[in-house]
Structures are given as structure tokens and as C-alpha cells.
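Student: Could we go through this structure together? I would like to begin with its sheets.

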Amino acid sequence: MTSVLNYRQLAAELEGVPDLMFATPGHAPLAARLAALGPGMIDVHTHAIDPDLPAIGRTHEGRFPSVRRVSADLAQIILDGRVYREIDSRCWSVQARIRDMDAEGVAAQVLSPIPVTLCHGEPVSGAQALATAQNEFLARMVAAAPERFAALGCVPMQDTALAIAELRRCMDELGFAGVEIGTRVGDRELSEPQFVPFFEAAAESGAVVFLHPVDQTLDPRLSRLRIGFGMGMPTETATAAAGLLISGLLDQVPGVLLCLAHGGGTLPCALPRLAVGQRVVGGVTEPAKLATTQARKLWCDSLTYDVEGLRLSSERFGAGHVVLGTDYPFDAREEPAGAVLTAAAGHVEGTANIARENALALLAAAGRPRTESVRLRGARWDIFLASA
Ligand SMILES: [Zn+2]
């Protein structure tokens, strides 16, 4: 017999199994939930927010968004005293989301913070408080329907040690699939050496690192041209990812699961030129070090709105490295979920796998529980271990 052991009741009887904890208090670990997942698609790119998010800006120095409830169904995200975005209960209601998921054939959604709340460039104490509050909220949403939801948490990237601590809490205590991060940390680039330990910790714990652009970090020129969404965000993602590819991070930290939002933005188009630049400017001759080769280690979502865009993402990153993403529940969402996959069926390799199987493969590392088997009271028990 194999059972999940409640160590709080029985830890005293165990010897030689140190540092025990539940992987996911209150519900089964992610791996077990994925194994029991019903039929349908897995949407890896959706957003959620607590309508009662604490007003971090009142208690911490810095520029932080807050949420103003307008009615039971409506709220506003406020930034700099102005309405940043009108939102509705699909952002926080498990029932509303499941209704939509059922209507569109989505078996599971991966919830992530709304990018405006990542706040990597703000003072760390407020960013940490906001990350913690958001992760508690996401954990509550997952716990309300663990068979339908997984989560990517929020981490205060401006302090690597605190980011690692919150990442580990997300993975080991809250049972998350990984974390979502922005494309830059204030003035610092993700490819700078100080962030390597963060990516190492993510790789160790099997965390997906979902790289998502944040419109507050874009060049103001793009807003003036009114192309922040259309050109700024995909270029921002591509710039950060290209920096990581060129830096050699993916060799330095093998196994890091870096997934790019929006089909990788403009990166798929730029990769061949990046490789030429490496040769011409950087003197790189080893094929394995070229961005075109390194990009095969990246993942991306399918949110391209375009069959040819999806085809290029799939060719550049690999057909097995594209997962369904929709930006639910916002105006820019793909509706219905998987529309581009339907349009691409027969034209792009592996669209059925993009809808589901690729996500299961991506999430498998995060869901892999660290277990140790022990015999107790005549039975074999699998015990979930805290991170080593
Ligand atoms: Zn998004």
C-alpha cells in the first residue's frame, strides 16, 4: 500500500528522514493532479488577481498598483491614481473561469499574476509584500479547484536571495508550477550574473520561468506611437530572451525551463540575424553557441494570433516546445482558446500536442514530487520532501 503521509501527525515516528513537509497543503501535489486531469486543453498563459489585494502603496514606499472594487463583478486596477485597467470577476472567480473553460474545452488553466503587479523595479520590501500576497491568493484559487488550476507565482526579482526564497516557497509549500517574471529588473538585465543563482534555483526545483513583458517598462516612444501592445511587448520579450541566449545562461544552467509569452514575441524572426551578429561582431564560431541553436532550449506559448507566426515559433523553438496560451481573461485574449491551433491544424506540425501534451511535459518537472519511501506501521509510505 502506498499513501501520502501526514507528517505533522506522524513525523515523530520517523527517523532518518529530515526536513519533511507537505508539497501542497490541502490537496494533491501537482504531479498527481496532472495525472488525473480530465480531457481538454491546458492553457498555460492566463492571468488572475485578488480583488481585495492589499494596497501595498499605502504601507510601502514605491509605485505599486492597487485594486478598487466597483461591484461584486467589477473592479479597477489603479496605478498612479488612475485606472490602469477595468477588470471583472473572471480575474478572481473560480466559478466564472470554469464556466468559460468548460465552454471552450479547457481542462486546466495555469494562473499567473497580471504583469503590472510584478514591480521588479520598485523598492524590494513592497515588491516582496505584493508577491507574497499574490501568491497566497493564487494558492487559494488553486485550492478551490485543484483539478482545474495550477499557478505561476510572483517573486521579488530585485533581491535575488528573496526571489529564490519566494520561488522555493511557491514550489515546495504552495505546489505551484513555477513563477512569472518580467523582462528586466529595474535597470538591470536578466542576463547579468547576479540572476544566475535564481535560474539555478528554478532549474533545481523544476519551476517553469514564464517570461512576460510588462508595459510599464517599455520605451515611452512606443506609447506615443500607440504600438506598445503590438510592437513594444513582443520586442521587449525578444530583447530579454536574446540577451539570455547570447549570455550562455542556457548552457550554464542546463534544465532551466524558460517559457516566453506571446510565441516568443519577435524573437523567432530575429534569431538568424542574431546568429550572424554573434559571428560577425562576437567572433562566435561554435554552432552550439549560436542563438539559433540555443533557442531550441526555450519554450513559448502559442499566442501569436497567426498561423504563420505559430509555424515560425514552432520551427525555431521546436514543435514540442510550444504550449497553448491565451491571455485569458483580457481583451487581447485568444477566443475561443486554441483558435490559432484550429486554424493551423494540418499546416503546422503538432498542433494537437500544443493544445495539451506539450504543457504536460513542461509542467512535469515542476510536478515531480521529491519523495522518499519509508516503511511505517507495516505499510510503504511515500513522503514528500522539502527542497534539499
Ligand atoms: Zn499575458
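Student: In what order do the 8 strands of the open sheet stand, and is the pairing parallel or antiparallel?

Tutor: The order is E2-E6-E7-E8-E11-E12-E13-E14, and the pairing is parallel. Strands (E, at least two residues) and helices (H or I, at least four) are DSSP runs, numbered from the N terminus. Two strands pair if DSSP finds at least two bridges between them. Please note that this is a predicted model: local features need pLDDT of at least 70 and side-chain atom pairs count only at pLDDT 80 or more, while totals for chains, interfaces and linings use all residues. Residues are numbered from 1 along each chain as its sequence is written.

Student: Over how many bridges do E11 and E12 pair?

Tutor: Strand E11 (residues 208-211) pairs with strand E12 (residues 257-260) over 4 bridges, in the parallel sense. Leu-211 has Leu-260 of E12 as its bridge partner.

Student: What holds strands of a sheet together in general?

Tutor: Strands of a sheet pair through backbone hydrogen bonds, and they do so either parallel or antiparallel.

Student: And what about the sheet of 3 strands: which order does it have?

Tutor: That open sheet has the order E3-E4-E5, with antiparallel pairing. Strand E3 (66-69) and strand E5 (82-88) each have a single partner strand, so one side of each is left without a neighbour in the sheet. On average, neighbouring strands of this sheet are turned by 30 degrees against each other, direction ignored. Strand E4 (residues 74-79) and E5 pair over 6 bridges, and Ala-75 has Ile-87 of E5 as its bridge partner.

Student: Changing topic, how do H5 and H6 cross?

Tutor: The axes of helix H5 (residues 124-144) and helix H6 (residues 160-173) come within 11 Å and cross at roughly 5 degrees. Therefore H5 is roughly parallel to H6, a term for angles under 35 degrees. Axes are lines fitted to C-alpha atoms, for helices over the stretch in contact, and angles run from 0 to 180 degrees between N-to-C directions.

Student: Which residues make the contact?

Tutor: H5 contributes Val-124, Gln-128, Ala-131, Thr-132 and Asn-135, and H6 contributes Leu-162, Glu-166 and Cys-170. Two residues are in contact if their C-beta atoms, placed from the backbone, lie within 7 Å.

Student: Which strands does H5 lie across?

Tutor: H5 lies across strand E6 (106-112) and strand E7 (149-154), and runs at about 175 degrees to E7.

Student: How many residues are in the largest nonpolar core?

Tutor: That core has 103 residues, and Ala-151, Val-208, Val-209 and Cys-259 have the most contacts inside it. H5 gives the most to this core, with 8 residues. A nonpolar core is a set of buried Ala, Val, Leu, Ile, Met, Phe, Trp, Tyr and Cys residues joined through C-beta atoms within 7 Å. A residue is buried if 20 or more other C-beta atoms lie within 10 Å of its own.

Student: Is Asp-301 buried or exposed?

Tutor: Asp-301 is buried, because 27 other C-beta atoms lie within 10 Å. Its place is in strand E13 (residues 299-301). Leaving aside neighbours within four places in sequence, Asp-301 is in contact with residues including Val-44, His-45, Cys-259 and Val-323.

Student: How much of the protein is buried?

Tutor: Buried residues make up 45% of the 388 residues.

Methods:
Parallel < 35°, antiparallel > 145°, perpendicular 65-115°, else oblique. Buried ≥ 20, exposed ≤ 12 C-beta atoms within 10 Å, placed from the backbone.
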